[in-house]
Each structure stands twice: as C-alpha cells, then as structure tokens.
Amino acid sequence: MHTLLITGPGGAGRTTVAAATALAAARAGQRVLLLSGDPGDPVAALVGEPGGQPVQAAPGLTAVPVGGVLVARVDSGEEFREELVALQERGSALLGMVGARPLGAEELTELPGAEQFALLRALRRAAAAPGVDLVVVDMPPLHRAVATLALPAQLRRYLARLLPAERQAARALRPVLAQLAGVPMPAQWLYEAAARWDEELAAVQAVVEADTTSLRLVAEPGPGADAALRTGLLGLALEQLPVGAIVANRMVPQGSPDPWLAGIAAQQEKYAAQWAGDTPVLPLGHLGRDPLGPEDLTRLPGAEALVPQVPAGASPARRAWVVEDRRADDGVLVWVVPLPGAHKRDLDLVRRGDELLLAAGPYRRIVPLPSALRRCTVSGAALADGELRIRFTPDPDLWPRRP
C-alpha cells in the first residue's frame, strides 16, 4: 500500500489536488481511500455524490463510497470526546479517590490541537486498511502539516523524559500497595497510560517515516508561494521528511496574445522551473474557474500525471545525517545536516548533554547525538551548499587513545 500525504501553502488548492489525485488513481484501476480532516467535508463535494452506504475501511475508520473512491472524514470533536471519556473510565478509581466528578460526553468540546491527534490516529488506521492500494491524505496547510508530522516523535521524547522506562522497575510492588490502599496507585495508572500512548505514537511515527509513505506539496507558482515553500521545505528537511514532488497548480497556458495572461504564465513558468531544480514538478493546468465536481476534476490539464505508482518503490528515502571522520586531517568529526534552501540567519543550535537542539526558521527539533559525538565538544558550524556542517572535537578525557 502507498500512502500519499498532500499539503501546501494555504489557498494553493491542496484539497482539489487530493481529490483529483484520488479520482485519477481510481480511474487507473487502483483501490483508493481518501482521508480528510477539513470541516464541512469539501473533499466529498469535489469527488461526487455518495454511491453507497458507509463501510468500515479499517478498524475504527468509517468511509463512504463516492465516485469510485472510499472517502473517510476525520471527526476530531467526536474522537476527542471518545478518548477523554475512555481516559476517565480507566482512571475512575483515582478520580473517585480525589473527589472529582467525571465529565459527560455531552459536556465536552474539543481543545486546540485535538484535530492533529485525530488526523494522526486516522492516518495509522488508514495505512492498515485491507484491500486498499493507495491512501490519499488531505493534510492541513503546510506549516501545520510539518508540525503535525513531527508530533509523534516529539511526544515520544517528552514521555521518555518525563516518565522514563527505568523508573518502572518498581512497578511490581504497586499491585501490593494498591491492595493495601484499596485503590490503584496513581503512578501505576500513569505509567500504564504512558506505555499505551507511546505504543500508539510509535505506530503513527512508523507510518509517517515508512518507505511506502510519500509527501507531495501543492503550490501556485509565484513569489508568495515560493517564500512559503522555502520555509516549509526547511521544516521538512529538519524532520528528515523527503518531498516526492511539487504540484504546480493552476498553471496558465503559454502563448496567450493577452499581455496580462502572458505575464502570469511567464511568472509561473519561472518559479516552476526554479522548483524543478531540486524536486520533480507536476504541472496542473488552470480550468478557468474553481472545480466544482468530479467532471471538473477530470478536465484539469495534467490530472492523469498525479497518479502515483503502486507499490511506492520510487518514494524518496529519508536523507541520513552522516558523520564524517576528519580526525586525520583536521582533528574533528563533522556531522552533515542537509538543509536545502536554508540561510545562516535561519539557523541556531545548542548542545544539551547528549542531545542537539536545532532551530531552522520557525521550526525546532531536538535530536540525540550519535554515540561517537557524545564524547566530543561542539567546536563550530558552517552552512554551505544547503548543508549545515557541525564540527565536533574529540574530548581527550573520553576518547580512546591511539596506541
């Protein structure tokens, strides 16, 4: 199965492209599941009228057949209510001990960020859907999409720091203490909840980082989209999430006698050519108006090229951060971090113990140092040709001495 994540700057037409991709793949004979978290269900309106009763596409994921595609919409409010009610039920004894009254499902309204968790959970379920060749995911706008895709790894790190596994060694005593106290011990309940969260986050992270998952950006070529793409691509590079293609949307035909249209077409061609220098670009023509249904999506010039190959053998691999051994020449080890399009003013880094905090524009990531670099001190960094090269000098007190 191939999972295709589609995002882009706000207003670039990512939902239209997601729907057009799903329809084109279905016409090519693929079994397609289209997943969207947008309120109002704009994807279903683009794909067409429902063609049957709701079905269970995967455990916990309901979809509706529409235009030859299974369409599943993420209801983040319902997901939030179900999860919080279940959490209260698991901790009912603890809540009773402190005199708290559980909240009813009808009292709950989703909190900010709930849609991110609901979309990630639905993504994990969709990736396990039987009888599906392609999962197309209409992601949030680019900046939010980067944050959403980075969330599983970030939360797993928080759990490991706040509730480290080694602190659970004494949990064998907690059932005895619970019997004496008459209620489950809070620490036991907390660690059990953390273990469940970590397991689910690990499953979502595995889907995001899988070779069968690819990322596609949608943008209308121009200076505004170029700036937004550069920032988003920087965040994706920081998270080591490769981009398979950029869809240059709403392309105006070349050769118009109208100077105004010719100027727009020339500008679009200029920026599309710039983007094609680093990433494959798929041009998608302008219909002359906003697409309103499946017939319009099939008329989009270039829509047939949106269909990804299944299986996803051509998905770009995550770029490894290589450690170069330059001790013989310069006395240092160099950690090479690919950050294409970055400027020096965008970057910052801080060493904290065995971790490195990297900031690139509005994005931040904390990564563990490779074992060899933990025995070194940071001695400098330089940005050249889209690579951040961080120099580490071996600590003579920690580094093995050569005979």
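Strand β4 (residues 61-66) pairs with β5 in the antiparallel sense over 3 bridges; strands are DSSP runs (E, at least two residues), helices are runs of H or I with at least four residues, and both are numbered from the N terminus. Two strands count as paired if DSSP finds at least two bridges between them. The model described here is predicted, with local features requiring pLDDT of at least 70 and side-chain atom pairs counted only at pLDDT 80 or more, while totals for chains, interfaces and linings use all residues. Residues are numbered from 1 along each chain as its sequence is written, and side-chain values use heavy atoms, leaving out hydrogens and water.

Together with Leu-33, Trp-335 and Leu-339, Leu-35 touches the most other members of the largest nonpolar core, which has 65 residues. Such a core is a set of buried Ala, Val, Leu, Ile, Met, Phe, Trp, Tyr and Cys residues joined through side-chain atoms within 4.5 Å; buried means under 20% relative accessible area, exposed over 50%, and partly exposed in between (1.4 Å probe, protein chains only). Helix α6 (residues 142-162) supplies the largest share of this core, 7 residues. Leaving aside neighbours within four places in sequence, the contacts of Leu-33 (heavy atoms within 4.5 Å) include Ala-57, Leu-61, Leu-70, Ala-72 and Val-136. A second, separate core comprises 31 residues, among them Ala-19, Val-43, Val-71 and Val-307.

Helix α9 (residues 223-238) has 16 residues, which at 1.5 Å a residue should span 22 Å, and this agrees with the 23 Å between its end C-alpha atoms. The expected span is 1.5 Å times one less than the number of residues. Buried positions in α9 include Ala-225, Leu-229, Gly-232 and Leu-238.

Most residues other than glycine have a negative phi. Gln-240, though not a glycine, has a positive phi of about 60°, and lies in the loop between α9 and β8 (243-251). Asp-385, also not a glycine, has a positive phi of about 55° in the loop between β15 (376-384) and β16 (387-394). Gln-240 counts as buried because its relative accessibility is 15%, whereas Asp-385 is exposed, with a relative accessible area of 81%.
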